[in-house]
Amino acid sequence: MFEVVFNDSTAGAMAFAMEHKNSDTCAYAIISEDNTSIPQEDAENLLHQAKEEEQMGWKNAVPFEGNRDNILSFPLALSVGSISEKGIGNQRKSVLSRLFSTFPHIADDITAQLIRNSEKYLETLIKQAQNGEAIRIWAGHGADDICGLHWLMEQLRPVGFEKLNITLVELPLFAEKQIGSIVYYNDFCQVEPYNLGRLTARGTKLPANYLRSMANHWRELQEENSPLRAVINSILVSVSDNLYDTFILRELAAMEDEFNEAVLVGRVLGKYQLGLSDSFISLRIEGFIKDGLLLPITTPAPNMPVYHRILKKVK
């Protein structure tokens, strides 16, 4: 069976889960919501609870059987930019290059590697699907995963939907932790590796007509070819590229006149759980700068993302 995911973090977690039956090597961090310091004793208790839960999770884990070579990742950020072309071409390369421009020192290398891997994995998947190989797709709630799911059905159309053996594993909305807290999931990369084996039971075999409907919907989205796609009321729709600006501007209004751009990016990511990348938010902020709303007053250090700088509000 081939495991299909739409970001490399999930692929890494899967590989870890397949090869480790238990683990106590995870890193832990405690972050205060209001940036106040946490008493040492309280911090030690929280870390102890987290480690206990990790160990218990591996002890009770359902084995996640499989071969890491059969994990195929398509981190193509298909919710962003033009999608009118077939397959994986220069258009998608251009979009990824623009997103990764927030990391200028590694942008070209990352883009080239992602495109190269995705092309190779797609060729493998089509070939194996033609041979009747089972495919299990893991899709989170974010637009990139839902776009990836629809896009993949269009790529597999030549195989014949009736011939495809596809199971979809949908992400649970939340998980209750042993320490009494609730964790809300937006992406499979947020799921602890020891829980992935258990989630395979959520898999649903998809009928041919459902696969066809997703592929057809992707063609409709390609014809619309909007700057952005989003999931609204559980439906994947075309939207304008300023859809998320309200959330960014809301957090911007709460910042001081001079502020660290990375803090703004982090607050939007952490508070709203919109399934956006830091690169996308950074590009929207760059648009605010071009519109004269913000002014950079420092430059990022070498080998750092462009949003590691101080910005000033223009009154």
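In this predicted model, the axes of helix α8 (residues 245-253) and helix α9 (residues 261-272) come within 10 Å and cross at roughly 120°. Angles over 145° count as roughly antiparallel, and 65 to 115° as roughly perpendicular. The two helices, α8 and α9, are therefore oblique to each other. The crossing of α8 past α9 is right-handed. On the α8 side, the contact is formed by F247, I248, R250, E251 and L252. Their partners in α9 are L264, R267, V268, K271 and Y272. Sorted by class, this contact holds six nonpolar and four charged residues, and no polar ones.

The buried residues of α10 are S279, F280, I281, S282, L283, R284, I285, F288 and I289. Several elements cover these buried residues. Among them are the helices α3 (90-99), α8 and α9. The strands β8 (228-232), β11 (294-296) and β12 (310-313) also take part in the cover. Just after α10, G292 takes a positive phi of about 85°.

Buried means under 20% relative accessible area. S282 has a relative accessibility of 1%, and therefore counts as buried. Leaving aside neighbours within four places in sequence, S282 is in contact with T102, E261, V306 and Y307.

Definitions and conventions: Residues numbered from 1 in each chain as written. Predicted model: local features only at pLDDT ≥ 70, side-chain atom pairs only at ≥ 80, totals over all residues. Heavy atoms only, no water. Axes fitted to C-alpha atoms, helices over the stretch in contact; angles between N-to-C directions. Helix = DSSP H or I, 4+ residues; strand = E, 2+ residues; numbered from the N terminus. Parallel < 35°, antiparallel > 145°, perpendicular 65-115°, else oblique. Left-handed = near helix turned anticlockwise from the far one by under 90°. Contact = heavy atoms within 4.5 Å. Nonpolar A, V, L, I, M, F, W, Y, C, P; charged D, E, K, R; others polar. Buried < 20%, exposed > 50% of the residue type's maximum accessible area, 1.4 Å probe, protein only.
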